[in-house]
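Thanks for coming. I have one chain to go through today, and I will keep to what the coordinates give.

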Amino acid sequence: MITEQGRDFKENDFPTLYRYESSSFASHNLSLYLCKFHITKETPKGWWISNDGYGWDKPKWVAKEGIKRFAYPTKELALESFLKRKAKMIQKLKRNLVCTKIIYNIAEKVQKGELQEDHAKVNPYTKDIYWDPWSEVWK
């Protein structure tokens, strides 16, 4: 029997923490995974979890409280965290797509000769020229 912070756990009977992950979005085998982590040690503010083949060498510390935690004590909280992480990822990807489209349009205009170097600005530090999508040229 192991005693940590006044709590007794039998060997291999530690509580489990959960985290949902997805496979790489570039993969043709898109999947949702429920990862389980066994607590190896408890502190007043958090837990140490074992890697169980997750890919790190040392145990990882996870906070008991807080907005951003790596793993959660229930599957429901882990799924809620996963959904929040993916919603933030969608926002970032949408913003990146908008910026990429703007820059792509600038590059097309340069290629077609619609934008010349006299429409560009000069970076005072690097002396590179650049086309600013918010300048008067676009209005």
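I will take the overall layout, then the cores, then the surface, and finish with one arginine.

This is a predicted model, in which local features need pLDDT of at least 70 and side-chain atom pairs count only at pLDDT 80 or more, while totals for chains, interfaces and linings use all residues. Residues are numbered from 1 along each chain as its sequence is written, and side-chain values use heavy atoms, with hydrogens and water left out.

Layout. Helices (H or I, at least four residues) and strands (E, at least two) are DSSP runs, numbered from the N terminus. Of the 139 residues, 25% are buried. Buried means under 20% relative accessible area, exposed over 50%, and partly exposed in between, with a 1.4 Å probe and protein chains only.

Now the cores. A nonpolar core is a set of buried Ala, Val, Leu, Ile, Met, Phe, Trp, Tyr and Cys residues joined through side-chain atoms within 4.5 Å. The largest one has ten residues, including Phe 37, Trp 47, Trp 56 and Phe 70. Strand 4 (32–42) and strand 5 (46–49) are the elements that give two or more residues to this core, and strand 4 gives the most, with three. Another core, of five residues, lies apart from it; among them are Tyr 18, Tyr 20, Tyr 72 and Phe 82. As background, nonpolar side chains in soluble globular proteins tend to be buried together.

On to the surface. Patches are made of residues with over 30% relative accessible area and no salt bridge, with like charges joined within 9 Å and nonpolar side chains (Val, Leu, Ile, Met, Phe, Trp, Tyr) within 5 Å. A salt bridge here is a side-chain nitrogen of Lys or Arg within 4 Å of a carboxyl oxygen of Asp or Glu. Lys 68, Lys 88, Lys 92 and Arg 95 gather in a patch of positive charge. Within that group, Lys 88 lies in helix 1 (residues 75–112) and is exposed, at 51% relative accessible area.

There is also a nonpolar surface patch of Leu 32, Leu 79 and Leu 83, with about 270 Å² of accessible area together. Leu 79 is in helix 1 and is partly exposed, at 33%.

Last, is Arg 69 buried or exposed? Arg 69 is buried, with a relative accessible area of 15%. Arg 69 sits in the loop between strand 6 (60–63) and helix 1. Its C-alpha atom is 9.4 Å from that of Arg 19, 50 residues apart along the chain.

Methods. Accessible areas come from the Shrake-Rupley method with a 1.4 Å probe; for residues, only the protein chains shown count as cover. Lys and Arg count as positive and Asp and Glu as negative; His and the chain ends are not counted. The place of a charge is taken as NZ of Lys, CZ of Arg, CG of Asp or CD of Glu.
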